[in-house]
Amino acid sequence: MATLSFNVKDEVGSLYDCLGIFRELGLSLSRLESRPIQGSPWKYMFYADVALNPKIDGKALVLKAEELLKKAAAGDAPVFKASNSKEAQKKEEKSGIGHAFYKHLMSGVSHMLPFVVGGGILIAIAFLIDG
């Protein structure tokens, strides 16, 4: 087991491209965490736990990783395109009027929630003061 740390550019698909390197190297990614970088808003350091295969030569692994990183930096890395999965089809099915109404209703409720909580706190304070 090894833990690797890395950060990526704040661009669409940059983390996805980076995770593809693990696949290309045949490494099993068992855990992925992100932590904010202090002093750099909206930038994160990623920590990946990788199960190392004893059959893989370490030097060859490093060389392959360097090669893939150079390809990714140059924009020459292959991009994985997912097929239209069942999950995507389910999302497309939920585009009816009822679902749209539900989304708008729940969005309004979530925007209203801080006011409801604040009102409850003010009422509790009023009961506390009034006795």
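**Leu 61 and its surroundings**

A: Apart from residues within four places in sequence, Leu 61 is in contact with Leu 25, Leu 27, Leu 52 and Ile 56. The model is a predicted one. Leu 61 belongs to helix H2, which covers residues 58-74. The relative accessibility of Leu 61 is 18%, and Leu 61 therefore counts as buried, since the term applies under 20%.

Another contact partner of Leu 61, Leu 25, leads on to the second largest pocket, where Leu 25 is among the lining residues that lie nearest the centre, together with Leu 4, Ile 21, Phe 22 and Ala 65. The lining comprises 16 residues in total, and the space in this pocket is about 320 Å³. Helix H2 provides five residues, the largest share of the lining. Strand E1 (2-6) and helix H1 (14-25) each supply at least two lining residues, as does H2.

Glu 33 is located in strand E2, which spans residues 28-36. Its side chain forms a polar contact with the side chain of Arg 35, at 2.9 Å. Beyond residues up to four places away in sequence, Glu 33 touches Met 45, Phe 46 and Tyr 47.

The chain as a whole supplies the context. Four helices and three strands are present, arranged along the sequence in the pattern β-α-β-β-α-α-α. Leu 61 is buried, and 12% of the 131 residues of the chain count as such. The chain exposes about 11,100 Å², of which carbon and sulfur atoms supply 62%. Where contacts link residues at least 6 apart in sequence, 52% of them join residues at least 24 apart.

Methods
Residues are numbered from 1 along each chain as its sequence is written. This is a predicted model: local features need pLDDT of at least 70, side-chain atom pairs count only at pLDDT 80 or more; totals for chains, interfaces and linings use all residues. Side-chain values use heavy atoms; hydrogens and water are left out. Buried means under 20% relative accessible area, exposed over 50%, partly exposed in between (1.4 Å probe, protein chains only). Contact means heavy atoms within 4.5 Å. Accessible areas come from the Shrake-Rupley method with a 1.4 Å probe; for residues, only the protein chains shown count as cover. A polar contact is a pair of N or O atoms within 3.5 Å; within protein, one must be able to donate a hydrogen and the other to accept it, and residues adjacent in sequence count only if both atoms are side-chain atoms. On a 1 Å grid over the protein atoms alone, a cavity is a set of points where a 1.4 Å probe fits but cannot get out, and a pocket is an open set with protein on both sides within 12 Å along at least five of seven lines; lining residues have an atom within 4 Å of a point. Grid points are joined across faces, edges and corners, and a volume is the space filled by probe spheres set on the points.
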